Amino acid sequence: MFSHLKPLDESDLDWVMQIEHQNYTHPWTRGGFERALHQGLNYLLMDASDAALGYCCLLPVLDELHLLNLSIAANCQNQGVAKLALQAIFSRFENTEYTVVLLEVRRSNKIARNLYKTMGFVQDGVRKNYYQCDIDGREDAILMSKRLDS
Ligand SMILES: CC(C)(COP(=O)(O)OP(=O)(O)OC[C@H]1O[C@@H](n2cnc3c(N)ncnc32)[C@H](O)[C@@H]1OP(=O)(O)O)[C@@H](O)C(=O)NCCC(=O)NCCS
């Protein structure tokens, strides 16, 4: 069960890369995470005994927080971790300079789209053929946002 956020650092990247490869057909490279560590706000999602359950990467752009990656270890999925972690992120950034969380999600990722809808994100648009996809070439990105003051 999710308990708290912990800042992600270089020493976590071996574990993060394992989960990344388990969870995504097009995983981030280690270099991608290293860039995120320099530019963004990155967290491990921890349980009460300080074991990591997943991670998330946010990129601040002016008053926007772009949720670039949210990933839960396979054996910890479907237990409410992502929901509680998103709630913790909303709480952390409420009443700060950030007013909105933005994200892009693959059209086919029904689980993530359900999660974001459940957590109050609304659909803002579609980026046609945005993602590479193994099956038939390209796949749409669904653009979603959630205001931090609502
Ligand atoms: C998407 C992901 C982050 C969800 O994390 P999770 O901790 O398993 O999600 P939760 O248990 O908190 O579930 C939250 C909501 O997600 C949706 N959900 C979770 N598992 C689901 C499933 N098997 N089928 C359909 N919806 C599901 C539901 O809306 C659920 O809310 P509900 O329980 O009120 O119905 C996780 O599946 C994951 O890491 N997937 C691989 C990486 C990924 O796709 N990340 C998102 C990139 S945009």
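A residue counts as buried if 20 or more other C-beta atoms lie within 10 Å of its own, exposed if 12 or fewer, and partly exposed in between, with C-beta atoms placed from the backbone. An α-helix has 3.6 residues a turn, so residues three or four places apart point the same way.

Before going further, a word on the model. This is a predicted model, where local features need pLDDT of at least 70 and side-chain atom pairs count only at pLDDT 80 or more, while totals for chains, interfaces and linings use all residues. Residues are numbered from 1 along each chain as its sequence is written. Helices (H or I, at least four residues) and strands (E, at least two) are DSSP runs, numbered from the N terminus.

## The span of α3 and what covers it

Helix α3 takes in residues 81-93, which makes 13 residues. Its first and last C-alpha atoms are 19 Å apart, close to the 18 Å expected at 1.5 Å a residue (the expected span is 1.5 Å times one less than the number of residues). Just after the helix, Asn95 takes a positive phi of about 60°.

## The nonpolar core

A nonpolar core here is a set of buried Ala, Val, Leu, Ile, Met, Phe, Trp, Tyr and Cys residues joined through C-beta atoms within 7 Å. The largest one has 28 residues, and Leu45, Tyr55, Cys56, Leu67 and Ala85 touch the most other members. At least two residues come from each of α2 (30-39), β2, β3, β4, α3, β5 (100-106) and β7 (137-147). Strand β3 gives the most, with five residues. In soluble globular proteins, nonpolar side chains tend to be buried together.

Ala85 sits in helix α3 and counts as buried because it has 25 C-beta neighbours inside 10 Å. Leaving aside neighbours within four places in sequence, Ala85 is in contact (C-beta atoms, placed from the backbone, within 7 Å) with Phe2, Leu45, Gly54 and Cys56. Ala85 and Cys56 are 29 residues apart along the chain, with 8.9 Å between their C-alpha atoms. Cys56, again not counting residues up to four places away, touches Tyr43, Leu45, Leu67, Asn69, Leu70, Ala85 and Ile89.

Cys76 is in the loop between β4 and α3. It is partly exposed, with 19 other C-beta atoms within 10 Å. Apart from neighbours within four places in sequence, Cys76 is in contact with Leu53, Gly54 and Val81.

Where do positive phi angles turn up in residues that are not glycine? Leu62 has one of about 55°, in the loop between β3 and β4; with 9 C-beta neighbours inside 10 Å, Leu62 is exposed. Asn129 also has a positive phi of about 55°, but its place is in strand β6 (residues 122-133). Asn129 is exposed too, with 12 other C-beta atoms within 10 Å.

Over in strand β5 is Glu104, which is partly exposed, with 17 other C-beta atoms within 10 Å. Glu104 touches Arg127, Tyr130, Ala141 and Leu143, not counting residues up to four places away in sequence.

Technical notes
Two residues are in contact if their C-beta atoms, placed from the backbone, lie within 7 Å.
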